[in-house]
Amino acid sequence: MTTTLTSPAGASLAPASTGGGLARKQNFLTGIIGGFVFGFIAWALSHHFFDNTSRSYSDLVTTFTSIGWMFGFWLGIGALNGPFAWLIGSDQTRADQLYYAGENQGKVRYWKYCTDHKVVGVQYIIMTMVLLGAGGLMAMGIRTELVAPGTHFVNQQVYNGLIAVHGMLMILALIVAVAGPWANFVLPIMCGARDMAFPRLNALSLWTLVSAAFLLLSTLAVGSLPVGWVVLAPITNQAGPGMDFFAMAIVVFSVSTTVAGVNTICTVMTMRTKGMTLSRLPIFVWGSMIAAALGLYAFPYFFLVETLQLLDRTESTSFFSAAGGGEGWLQANLFWLMGHPEVYVILIPAVAALFEIASVMSRKPVFSYRTAIGGMAGLAGLSILVWAHHMFTTGWAPTLGGPFMVTTELISIPTGVFFLVLVGTLWRGHIWMKLPTYWMFGFIANFIIAGITGIYLSDIPIDNEFHGTMFVTAHFHYVFVGSVLFGAIAALAFWYPKVTGRYLDEKLGRISFWLTFAGVQITFMAMFVSGLKGMPRRYASYSMLFEHSNFVTTVGAYTIMAGMLVLLGALITSWNKGEASGPNPWHANSLEWMVPTPPPLENFDVLPVITSDPYNYGEEKVNS
Amino acid sequence: MSRIRTLGVAAGSVLLGAALLTGVGVWLADASPHQTALKCQQVSSGVCSLNLSTFPDSLEGVHGANGGPHPDWVSYSNDNIDVPANTTVNVTIDQYDSGGSLNNAFFDRVMGTIGGTATIDGKTVSQVDPTNVGHTFTLRGIPGNGSSIFVSVPLPADGNSGTPVTIGGGSYAKPVVVQFSFKTGSKGVYEWNCEYPCGGSREGQFGEAMSTFGYMSGTLTVE
Amino acid sequence: MMTTNNKKSLRLFFIGWVLLTALFVVIGFVAPHHWMPRVMSPQEHMTVVTIILFTALAAPVAAGVYAVALHLLRHQTFRGNDVPPAAPAVRENSVLTVSWLATSVLLTVVVLVWGLGVLAADDGGATTNPLVVKVTGQQWLWSFAYEDNGKLVESNTLNLPENREVEFEVTSEDVTHGFWIPQMGIQVDANVGEITKIHTTPNQLGGFDVRCTQFCGLNHAFMVTTGDVMTRQQFNSWLAAQPSRS
Amino acid sequence: MSHVDTHSEVHGHDEGHHEPPEVVDGRQRMAIWIFIFGDVIVLSAMLFTYLYLRGLNVGGHWMSMWGFQGKSYAQYENLANGSGLPAATLIHIKPMSASFSWLVTGVTALSALVVIFAERALRVAKNVRGFASLSAIATIIAVVSCVLSVVQLHHIPQIFTANNDSQVMAYTAYSSVMMIFIGSSLVHLAILVFLGLGLTIRASRGVLNVEKWYQARLVRLFWVWVAVTAVIVSALTTTINTIH
């Protein structure tokens with residue numbers, strides 16, 4: 001009975017216009033070329049014009065070079081065509097739109113400025129894998145250095161660079177790990193839309209992120225980022241040119257996430273099909289929207305604080321320099337005003353995806369749907385009031401310690417709701433033990449530890465002991481690796497068949513799960529011990545006291561790497577050799593499973609009309 | 001399925017690219033040249049001597065041709081030093097650089113040497129003028145690794161003029177000669193660096209040469 | 001293969017819950033004493049007590065979730081490639097929801113009241129004439145200055161008298177550092193152009209560590225030193241023996 | 001899949017391909033409002049920075065800094081290289097001209113006013129030609145405002161500082177925050193010029209016609225917001241600046 005929805009892709013759409021034009025030849029490669037050309041021009045010009053006796057000479061050159069790279073990349077890939085076309089009043093025809101959506105262009109469209117939300121989704125998958133891969137390699141470098149006391153693998157200079165770039169890469173990767181691929185690939189289909197609200201902005205948000213990621217990785221080549229990922233001023237004013245690349249990358253990244261957030265919210269609010277009321281929305285759509293809204297609040301602060309750091313370095317302003325009336329605490333405030341909400345921008349989409357998976361895999365409705373939405377919204381709301389708990393030991397406004405302790409610990413209530421919904425959905429369910437289910441249970445196990453260790457740290461007397469130690473590192477790695485990454489992989493395994501038409505290899509996937517799960521426990525439990533013993537973070541070399549716990553942590557880290565490599569192998573082999581899955585492998589009810597696989601351009605030939613939410617498993621017989 | 005195969009390959013190759021980029025980055029960041037460690041010359045049983053120099057530039061020492069990427073950065077003649085355990089180390093440092101005020105006057109004292117004194121141009125002192133220091137030699141270890149050690153000797157600024165001497169690529173006025181001795185304990189790796197703000201950046205001038213390995217810092221290995 | 005909530009499985013579930021809770025509580029007691037540094041101040045003592053209390057409070061919750069997860073994995077799972085039949089469609093259970101929320105609110109309140117109480121008890125600041133130690137962080141060394149009737153004594157190790165309140169006036173010469181004494185559970189950042197104060201009363205003789213907890217550049221890992229809590233006589237004689245700054 | 005009622009009347013698949021203008025308009029207006037929300041956050045963060053630094057007045061350096069009297073960088077360069085500098089002195093700076101700041105704000109506000117009239121001309125009077133010329137005028141005024149802002153940037157007081165061999169013209173906290181205020185308004189004005197130019201060209205080419213009047217309203221929303229920002233910033237920075 002879904003046949004009315006599965007007419008062949010684009011059968012009834014206007015034929016793609018075969019017009020030539022330079023704009024239609026642009027792709028990733030021309031983007032890179034443009035980036036390098038303009039980067040070089042900017043470098044040469046700034047090199048020539050700025051006064052090389054000034055302290056900020058090298059920073060000015062680096063900054064302008066990175067601006068040149070950005071501009072050139074956007075020009076080269078075609079990001080600036082749209083605005084220019086608008087300016088001169090030559091709007092796209094329907095044929096143009098279909099062309100830029102990649103109609104009948106085969107695989108090459110994955111390397112172009114493509115406006116099709118499904119293409120963007122896949123591009124985000126690759127993007128995330130690259131970032132996680134690079135960041136993971138750096139983590140291995142860090143752990144190899146820390147396998148024993150003393151500096152042997154890399155010296156402290158390289159180490160200091162690695163920890164910061166690893167941190168930033170991973171944060172960026174996890175921000176887009178779930179929201180990137182799935183809020184683009186499946187969210188519009190879940191809403192019954194033919195694409196995102198603003199397809200070109202969608203492509204823009206991806207490719208700006210790509211250009212920023214290039215800069216972030218390039219920091220390693222220009223003296224790296226020896227400041228720690230929180231780039232706490234004023235040491236940032238001592239760092240080399242890598243800091244300029246980093247700041248510029250973050251400025252662009254903030255714009256990218258803002259654009260993506262606007263797109264997500266507008267899509268959900270204005271593109272829903274007939275009958276898709278807000279109370280019938282799949283929970284993942286709600287999660288993505290809440291996270292997007294939170295990101296809209298958070299990332300402007302990131303944008304500003306990195307702009308200020310850039311000015312401090314290039315223009316010798318005094319925002320964070322005491323000699324000119326600046327203050328490192330200002331940077332800490334602005335950074336954490338972004339930094340804490342950002343944690344939930346990362347967490348909420350992963351949790352929402354798990355709600356979705358839990359419901360489908362246990363053949364039950366999401367347990368207390370409204371409470372779940374309330375929990376996510378409450379978490380988002382609270383998270384903007386807790387930033388100073390990252391500053392308990394900085395000495396800034398000790399009198400505010402109490403209030404911030406209160407808001408911070410209140411967070412455990414909405415967090416508890418997540419467990420209520422997840423476990424409540426599974427309870428008495430008929431749990432289908434497929435790959436996504438495994439990673440979901442892994443999430444539950446790890447997220448408990450992450451949450452409870454967080455309660456210790458929110459208590460100021462305890463924080464005075466643990467702040468800045470490996471205990472904190474272990475805590476947020478349980479959040480990011482143990483919880484968010486597990487959620488992201490569950491989502492990947494869950495929607496992978498929709499992208500490729502094939503299952504993610506079950507056997508390899510389970511091997512990967514057990515390796516990663518064991519690895520996470522070994523690595524971060526031992527890291528908790530290092531923290532309890534009193535080992536501070538970001539130490540390139542440490543006392544014999546911490547010898548054994550660090551060795552165990554390194555062993556665990558390599559176990560995680562093994563697990564991740566197996567998963568990567570599974571991803572790549574299954575992509576074209578995996579077992580065929582058909583359009584709806586999990587027999588789910590939400591709309592993305594109603595369309596053929598892979599979904600045609602513009603998803604629906606006929607927009608469906610919705611009469612209930614997608615969770616009515618037990619209520620009406622599922623006719624197949 | 002050709003599209004999908006290409007995608008898989010693409011993902012793999014892009015990852016490989018990221019790996020390469022990371023590797024290259026690490027290698028570049030690590031490119032600060034590693035010179036062979038300076039051995040402490042045996043003088044008599046239980047006594048050995050070290051000769052170090054500090055320069056206003058990087059033309060001397062191993063920083064690459066013509067001073068490498070930053071010929072104008074200040075530098076020590078060596079970074080890594082090997083000394084035998086339980087030995088008296090006689091250190092002689094030729095200080096060729098100008099100077100100014102310390103960030104923290106704490107470092108104007110001679111600390112941790114035998115007798116708590118050093119000999120500067122033949123004069124025995126335990127403290128120097130904190131507003132006219134060129135560099136310092138400050139050595140410390142990580143408690144718990146080997147025996148704890150702390151040596152800090154200020155090297156006064158070089159006010160000498162007259163016929164310049166030529167060393168390596170540069171020529172400098174007659175140096176200030178600082179001599180001191182300290183006893184090494186059990187085996188272990190210790191860290192030494194300069195505590196005079198000569199890094200030529202903002203916030204305490206501890207950037208650039210001061211925060212780059214192989215210029216104003218190094219390791220002292222007791223073996 | 002699966003039978004929802006039969007008596008036996010439920011009993012097993014409750015046993016698992018109790019056992020896990022017990023296990024976590026035991027860990028909560030053992031871990032701090034086994035791994036954390038020697039307790040040398042009231043603050044550190046309260047820290048350890050608080051850790052144990054929080055663990056005891058959190059244990060049943062964590063154990064509950066684990067027990068449920070294990071129960072589900074044991075009794076509710078379907079393997080193989082066929083989709084399981086639809087499960088009973090429980091959309092809401094207001095009793096469960098409300099009681100769950102009530103529990104978490106209750107626990108949070110307990111944690112808060114305790115934490116704020118400990119905080120308030122410690123917030124009194126330095127009381128009657130504490131020993132003032134000026135702590136200066138600069139890349140990459142701590143230095144400590146004592147005022148001894150008009151004479152200024154400086155040291156790179158931190159010596160303290162036993163059972164006398166000490167107030168640390170912490171500042172930095174270049175970038176932000178973090179002044180931390182693990183054995184005394186006190187930590188505060190050293191900021192440029194600011195003086196931050198913390199206080200404690202060492203109540204045990206013996207050595208302790210000072211470590212930098214705020215990333216401060218190339219040799220951050222080596223910005224560590226030791227200290228010693230000595231009897232007042234020892235401390236005074238040590239102070240007298242030090243060279244004073246001219 | 002019982003919840004997808006495909007038996008009910010289905011709209012032709014072209015629905016969604018060519019959506020009615022009011023739908024597109026509503027969606028784009030929502031987007032503009034969300035972007036403005038983001039801009040509000042940035043502005044509030046900048047105001048926070050301003051008030052925070054002024055309130056703390058770290059080391060009394062809100063409007064003062066150790067350095068050397070003098071206009072230009074080159075004047076001291078050679079001295080500093082030879083490290084032959086005289087002793088640094090504590091140099092105090094004056095707040096920037098309030099009247100000039102209000103002048104820039106006024107010009108920006110004027111351009112916004114013109115845009116309001118332009119939009120009305122299109123929406124109410126359905127006068128495309130009038131709209132084109134009015135938006136052209138608004139664009140020109142915005143350009144003027146840009147130029148004035150650049151002039152303003154050049155008047156931010158600087159102080160020559162040098163230690164060891166690192167010297168530079170530096171800004172005190174006050175100057176620094178003024179720089180981001182002026183800089184951000186400059187960026188916004190540049191966007192306005194782009195948008196105004198677009199409106200003018202599109203209208204004169206007939207792409208932006210009476211049916212598409214809502215495009216003009218979208219631009220007007222943002223334009224007015226920029227004017228409001230300028231007023232807020234001027235009101236703050238011209239009243240609360242020195243420390244008494």
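**Helix packing and strand pairing in a predicted model**

Modeller: In this predicted model, helix H10 (residues 242-270) of chain A packs against helix H1 (residues 21-56) of chain D at an angle of about 140°, and their axes are 10 Å apart.

Biologist: Which residues make the contact?

Modeller: H10(A) contributes Thr258(A), Val262(A), Ile265(A), Cys266(A), Met269(A) and Thr270(A). From H1(D) come Gly26(D), Arg27(D), Met30(D), Ala31(D), Ile34(D), Phe35(D) and Gly38(D). By class, the contact has eight nonpolar, four polar and one charged residues.

Biologist: What makes strand E2 (residues 41-44) and strand E3 (residues 47-55) of chain B a pair?

Modeller: Pairing requires at least two bridges. E2(B) and E3(B) have three, in the antiparallel sense, so they count as paired. Gln42(B) stands opposite Cys48(B) in E3(B). The two strands form a hairpin with two residues between them, and Gly46(B) in the turn has a positive phi of about 80°.

Biologist: How do you know that E3(B) also pairs with strand E4 (residues 75-76) of chain B?

Modeller: The cut-off is at least two bridges, and E3(B) and E4(B) pair over two, in the antiparallel sense. Thr54(B) stands opposite Tyr76(B) in E4(B).

Biologist: In which sense does E3(B) pair with strand E6 (residues 88-95) of chain B?

Modeller: E3(B) and E6(B) pair in the parallel sense over eight bridges. Asn90(B) in E6(B) is the bridge partner of Ser49(B).

Terms used: Residues numbered from 1 in each chain as written. Chains lettered and ligands numbered in written order. Predicted model: local features only at pLDDT ≥ 70, side-chain atom pairs only at ≥ 80, totals over all residues. Axes fitted to C-alpha atoms, helices over the stretch in contact; angles between N-to-C directions. Helix = DSSP H or I, 4+ residues; strand = E, 2+ residues; numbered from the N terminus. Contact = placed C-beta atoms within 7 Å. Nonpolar A, V, L, I, M, F, W, Y, C, P; charged D, E, K, R; others polar.
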